[in-house]
Amino acid sequence: MTAQHFRRPAGGRIDRGRKVAFSFDGRRFEGYAGDTLASALLAHGEQMVARSFKYHRPRGIVGAGSEDPAGLVQIGRGANADPNTRVTEQEIYDGLEAIPQNCFPSLNFDINVLNDLMSPFYSAGFYYKTFMGPPGSWRLFEPIVRHSAGMGVCPAEPDPDRYDQVNRHCDVLVIGGGPAGLMAALSAARAGARIILCEETAEIGGRLLSYPEGAPTLNGKPASAWLDSVRGELAANPDVTLLTRTTVTGYYAMNFIVAWEKVSDHLAPGERDSHLPRQRTWRIRAKEVVLATGAIERPLVFNGNDRPGIMLASAVRTYLHRYAVVPGRSAVVFTNNDSAWAAAFDLAEAGALITGIVDIREAADPGLVERAAALDIPVHLNAVVTATSGRKRLSSVEIAGRNVDTVGEDIGRLTADVMAVSGGWTPNVALFSQSRGQLRYDNALSAFRPGRSVQKERSAGAANGTYGLGACLGEGAAAGAAAAEAAGFAAKPAAPPALAAMEPEPAGIEALWQVPSKLKKPKAFVDLQDDVKVSDLKLAVQEGYRSVEHAKRYTTTGMGTDQGKIANMNAFGILAGALDKPIPAVGTTTFRQPYKPMTIGALAGAHVGETFHPRRGTPMHHWHREHGAVFEPVGDWLRARVYKRPGEDFDAALMRECKSARTDIGVLDASTLGKIDIRGKDARTFLNRVYTNAWLKLAPGKCRYGLMLGEDGMVMDDGVTACIADDHFHMTTTTGGAARVLTWLEDYLQTEWPDLDVYLTSVTEQWAVASICGPKSAELVAALCDDLDPDPESFEFMTWRDAHIDGVPVRVFRISFTGELSYEINISASYGAWLWEKVMAAGAPHGITPYGTEAMHVLRAEKGFIIVGQDTDGTVTPFDLRMDWIVKKNTDFIGRRSLTRSDTQRPDRRQLVGLVTENPSVVLMEGAQIIGTPSEPTPPVKMLGYVTSSYFSPNLNRSIALALVESGGERMDERLYVSQKDGAPIPVTVTETDFLKTAEQADG
Amino acid sequence: MADPRRRSPLAHRAPLTAEGGTLTIAERPLLGRLVLRVDADKGDAAVATVIGAGLPKAVAETALSEAATIFWLSPDEWMIVTAAEAEERLAADLGAALAGIHHQIAVVSDYYTAIEIAGARARDLLSKLTTLDMHARAFKPGEARAGIFAKANGVLFQRVADDAGGGPAFDLAVRWSMADYLWCVVAEAGHEWGLPVEHPVAGEPLFH
Amino acid sequence: MFVITCPYCGARDQTEFAYAHEAHIARPTDPESMSDADWAEFVFMRKNTKGIYAERWMHAAGCRKFFNALRNTATDEFLAVYRIGEPMPEVSAEGPATPCGEQPGSGNDAVKIMADDSGGGGR
């Protein structure tokens, strides 16, 4: 382990009492608590941390936060591996293992660096041009491209971590914990508003953490003391939620904001509170928002600008003061504005040798020039950097004079292992733009800034293009007060702290989007993550791309995981130059959510695994589980599909269940059927309008099957409805259609027929239902009920009776979905499990067999009963089902008019028929297409229809199928063919749908 | 005392308490529940004669009497909560009192169960499950609102005020079939404060 | 994710609501007298305006009541909510038709930024 040679002897926000050991690229390092991976590596003089995406060029640490373009590593291994983590954001902890990615076999020797030598061939649009054809070639190239261009590797194992989501409402959301954001939060909080303050890094303070200690002072104290007092005030207010390590990643409609909190990522796995999630997503609904997201420094674009050691001037200051690291021993500062000069002075203060300040301008602020002279720093005005050297880190810089847009005379070579670069500042308008606010180009700043707001937000401080510290504090206070006022609170701006010992804040800038070069094709990178050079942007314009959005996609500039935070403004400037248009006329690309990459886990929250989605169980669910049930989802319900006995396979269990329901007794848990209580004097009229058949004369005690259509005439749902009293009905719907049908019925009652006196209430889960079926079922019902004669002669089919079982009230319906003698016993759901046990015990002497939904499907298909949604697909009318008998003739009902439309009257519509195969053991595939010829004709093939249901029927001892077939009703006994994926079509014969009846008739 | 032959949706779930006691969750099983639908103005007086409290008229309002608690569900719909097995009698009495007025009374005691969420962290826990504003300024004692909790619909009622010893208590009424799912989701949301992880009964693999 | 003000329950999250398509399309009282074309117009055709659109919503997770809303589909701004049976309110058509004032259908490519008002423009 090497020593921290680049660590300053004192200062910084690190905890020198807590040493932290970690590894990077297989080597061991030591840092302090409070370090990021980047600051700890810089403390050891490590600059190169990654390889670039395309050319595998060495990439160093450029920024000091989420703006860093290319410093991506993988943290940890195996299931816990976290790829594409920014070294400038990841805080170190004991045992942290950082693994370089995008290099093979190692960071220092990467075989794919060959790509760099080939770079002339990998210009803009390389992929588009190369892989346009021949068809299918992408499949060949894709694995190779993916291997060499990978952005880290996704772990194959399930994520072992827990994630969380929280919904929050607030009056004022302040985004950004820098000077402006803190003043906004203080102002709004003092007014009594509910505040959430989100700070992306580990602690509040923003730029105050990147200033030298004591310069400036706030209220006569160092910045850290002022921050302590602010933190204390906010923490003591119960209506303030202060979130650190929390990035606002999305600004959506109506001030809906998503914030992503890294709760545990900064802690060693052993130190993490197992009760806390790893990360948490805050779903915030804010009345008002203050955007205090600061500004991001952008680099200059010059030949050789991607070498490790070339950093943003602001990042240099952050490392110097926040982390007490001197990023280099000899430094050059290269700038087009005044702000970067402070980096030179601070570096000199920290003991680095400044070999030159290179400023492209003819003049800089005189105060700065004087101070440089006082510090013996050579200053080169009207000069540019023309080249850089150093294999894996910067060693020297060549500079020359500038002649407007060309390079002047050589000045010489400066020794430097770090270069602080500044191309000016760009207000961080990503969230403002996500909110659909309109930007305005500001010539004085050479950047876009917020123009017109659309949502209830306001920008403050550097995010608004206001760069001076004093102005930021004041603007933040005003914005916080205004936001609280707008949210309904009497507020006034908090008094900003008095600033003293301020360094001057000169702000002169001369925009220069690309530094002139002596070379025809300089290696001047715009986007350091995606390896986009000036020449790529120019090529895109040459090839005809005019829109900034198209040029972005063609060159991939700004399309990396950093979303071009430092690259985009330069790219727009260069494109504007190439297009010879003003920047505002070129515009910007679209800022999209998320602001930076989020984990899928944080988006999913706790909605994963077993609790991903509700699975609804009936009151008998526990019994089913204990008796070998295999479940299937039906809507959100889990229904027992089949009950496997020990040693039995699925098919054997199914055959047994199907047989038993027709020879002895079967029992089905039918609790999931939708049930609607209908009450009111107009209930009959209502039913008569929503069902296709007649309901006006159904007497109390009787039941009727009904079909519901949409207004388009297509079958929507079906079920049996019982008349309880003249003004009281009990409707059943399909399991999956229950909610839809209730809403649909309410729609008609509330909006079309408010004159009808009808109330509807769902009672689906009030009732548990055991459906008993089979020749011996009457005996069982007789044994169960205290007071019911189940004799089918007197208790007729399609009627219902009130009864009791051991004194518990039940409703028994004589209805059947199998064609067998059946009784459906409805009981209050809390008695459901008790009833089921009771049925099983009483049925045991009769050989009762519980059967699942699969047997139910087979049994109903044997009788040709439809299942809506399986034998219908939303294009099927009652006539298509050949159920003409259920359509009443003389009165209107929903969908009736559509049944006489020319399309629904077509003679060649598909109709439901039975199909039997020649070979009784061949079971057709559901969904298989039906054709008219014994062999597959040449495409296009005329499809006559498709198989909707298909089973092996143990009761008929053969396969059966239902199908929708063109003019099916007129094709009885016709030979058709069912197309196969592999092999010859299967010959079938068209039959009626009631296979049991057909078989009985054949038996004579 | 409810009929022992009855089984509530969460009968298999024992109450859970967080270490430190900032949270408890428990089922409030087998309460009597009715849905009443009637024109508010026409039905108000009749309901008051039976229950001793009139119909609440606006969202979040509830009415409380010795006989029952009435939750507003919609302008013409209320949920009436009463003691276990008192609902049939109450339904009959209401039916008699409302004779001649168009109305509907449906017994829904077994349609729902309630999960009680109590303790200092109850509001924080609930805010993980619902987009309703759970701040004490926005959801007050005695209020009830329907909403979505995780992926289940429910009706949330603050039964015990925040300043009562032990913090606020909420009853979350949820459908029978969703109760076990929601129980597990509530426990997961409370894990941060020490509730154990619970696994849903219907969590098995789906296909053979 | 919108906030929608239910006329009965107040402001709630969009997740509680179900969209129920265009408002003020009454079911014909005598469908049998209608031509195929007129019936198809009622069943299938909806205006789907970009701009102010009268549409129905249902507070599915709340009071389960249908209600009508006037929404600017270009900005997603709800200009009014009103109960079934109430007449459509008059709303001022002032203000931008789209978030940044672009012509409907033009996309917002050209208007993410305001017209240059600083003179000259950067190069």
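How much area do chain C and chain B bury between them, and what percentage of it lies on carbon and sulfur atoms? In this predicted model, chain C and chain B bury about 940 Å² between them, with 56% of that area on carbon and sulfur atoms. The contact involves eleven residues of chain C and 14 residues of chain B. On the side of chain C, Arg12(C), Ala61(C) and Lys65(C) supply 43% of the area that this chain buries against chain B, which is more than any other three residues.

Lys65(C) also takes part in a charged pairing. Side chains of opposite charge can pair when their charged atoms come close. Across the interface of chain C and chain B, one salt bridge is found. Lys65(C) forms a salt bridge with Asp76(B), and the closest N and O atoms of the two residues lie 2.9 Å apart.

The interface of chain B with chain A may be described in the same terms. Here the two chains bury about 5300 Å² between them, 51% of it on carbon and sulfur atoms. Chain B contributes 54 residues to the contact, and chain A contributes 65 residues. Nine salt bridges are counted between chain B and chain A. Arg137(B) forms a salt bridge with Asp239(A), in which the closest N and O atoms are 2.7 Å apart.

Over all chains, a search of the whole structure finds 85 salt bridges. Within chain A, the side chains of Arg7(A) and Asp35(A) meet in a salt bridge, with an N to O distance of 2.4 Å. This pair links distant parts of the chain, the two residues being 28 residues apart. Arg7(A) belongs to the segment before strand 1 (15-24) of chain A, whereas Asp35(A) is found in the loop between strand 2 (27-33) and helix 1 (37-43) of chain A.

Chain A also provides an example of helix packing. Helix 8 (residues 341-349) and helix 9 (residues 366-374) of chain A pack at an angle of about 20°, and their axes are 11 Å apart. Because of this angle, helix 8 of chain A is roughly parallel to helix 9 of chain A. The crossing of helix 8 and helix 9 of chain A is left-handed. Helix 8 of chain A makes the contact through Trp341(A), Phe345(A) and Glu349(A), while helix 9 of chain A makes it through Leu368(A), Val369(A), Arg371(A) and Ala372(A). Sorted by class, the contact of these two helices has five nonpolar residues, two charged residues and no polar residues.

How values were computed: Residues numbered from 1 in each chain as written. Chains lettered and ligands numbered in written order. Predicted model: local features only at pLDDT ≥ 70, side-chain atom pairs only at ≥ 80, totals over all residues. Heavy atoms only, no water. Axes fitted to C-alpha atoms, helices over the stretch in contact; angles between N-to-C directions. Helix = DSSP H or I, 4+ residues; strand = E, 2+ residues; numbered from the N terminus. Parallel < 35°, antiparallel > 145°, perpendicular 65-115°, else oblique. Left-handed = near helix turned anticlockwise from the far one by under 90°. Contact = heavy atoms within 4.5 Å. Nonpolar A, V, L, I, M, F, W, Y, C, P; charged D, E, K, R; others polar. Buried area = accessible area lost by both parts, 1.4 Å probe. Salt bridge = Lys/Arg side-chain N within 4 Å of Asp/Glu carboxyl O.
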